[in-house]
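Here are my notes for your first look at this protein. Keep the structure open and check each point as you read.

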Amino acid sequence: MDPNHSFLRQFSDLPEASILKLEGISSYRKVPEKTIISRAGEFPKHIYFLASGVLRVFVTNEKGKEFNKRIYPPLSFAGPLTSIIKQEPSEINCETLTECE
């Protein structure tokens, strides 16, 4: 069975129509630790729902020093949502700290 389908079915209080819509716009991915999934300066197209694992959002200054802005635990939405809404390049980087689903 599709892991995305199985995950969405865990939320028994969601109406069937909502589950079908979510299945149509989402996909399941297993991402290795220390993977950059969104980079500053790029035009992002995705936000992420973190089913398991830990993800960080960080910025880098002109000297290359990284500053964590936020750490996301499981069952969180994460990503450059403001950039997607404004259709502007992202100011943040998103990196998996552990293997994530």
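## Notes on the predicted model

1. Ile 47, Phe 77, Leu 81 and Ile 85 make a nonpolar surface patch of about 430 Å². Bear in mind that this is a predicted model.

2. Find Leu 81, which belongs to helix H3, residues 81-86. Is Leu 81 buried or partly exposed? Its relative accessibility is 44%, so Leu 81 counts as partly exposed.

3. **The core.** Now look inside. The largest nonpolar core has 11 residues. Among them are Val 31, Ile 37, Tyr 48, Leu 50, Leu 55 and Val 57. Strand E2 (48-50) and strand E3 (55-60) are the elements that give two or more residues to this core. Nonpolar side chains tend to be buried together in soluble globular proteins.

4. **Tyr 48 and its contacts.** Tyr 48 is one of the core residues. Setting aside residues up to four places away in sequence, Tyr 48 touches Arg 29, Ile 37, Ser 76, Phe 77, Ala 78 and Gly 79.

5. **The cysteines.** How many disulfides does a search of the whole structure find? The count is 0. Cys 94 is in no disulfide, and the nearest cysteine sulfur, that of Cys 100, is 11 Å away. Cys 94 is buried, with a relative accessible area of 0%. Cys 100 is buried too, at 3%.

6. **A loop residue.** Val 54 sits in the loop between E2 and E3. At 25% relative accessibility, Val 54 counts as partly exposed. What does Val 54 contact beyond its neighbours within four places in sequence? The list is Ile 71, Tyr 72, Glu 95, Thr 96, Leu 97, Thr 98 and Cys 100.

7. **The whole protein.** Step back. There are 3 helices and 6 strands, in the order α-α-β-β-β-β-β-α-β along the sequence. The C-alpha atoms fill a box of roughly 50 × 30 × 20 Å along the principal axes. Of the 101 residues, 29% are buried. Among contacts with a separation of 6 or more, 63% join residues 24 or more positions apart. The accessible surface comes to about 7100 Å², and 55% of that belongs to carbon and sulfur atoms.

Note on methods
Residues are numbered from 1 along each chain as its sequence is written. This is a predicted model: local features need pLDDT of at least 70, side-chain atom pairs count only at pLDDT 80 or more; totals for chains, interfaces and linings use all residues. Side-chain values use heavy atoms; hydrogens and water are left out. A disulfide is a pair of cysteine sulfur atoms within 2.5 Å. Buried means under 20% relative accessible area, exposed over 50%, partly exposed in between (1.4 Å probe, protein chains only). Patches are made of residues with over 30% relative accessible area and no salt bridge: like charges are joined within 9 Å, nonpolar side chains (Val, Leu, Ile, Met, Phe, Trp, Tyr) within 5 Å. Accessible areas come from the Shrake-Rupley method with a 1.4 Å probe; for residues, only the protein chains shown count as cover. A salt bridge is a side-chain nitrogen of Lys or Arg within 4 Å of a carboxyl oxygen of Asp or Glu. Helices (H or I, at least four residues) and strands (E, at least two) are DSSP runs, numbered from the N terminus. A nonpolar core is a set of buried Ala, Val, Leu, Ile, Met, Phe, Trp, Tyr and Cys residues joined through side-chain atoms within 4.5 Å. Contact means heavy atoms within 4.5 Å.
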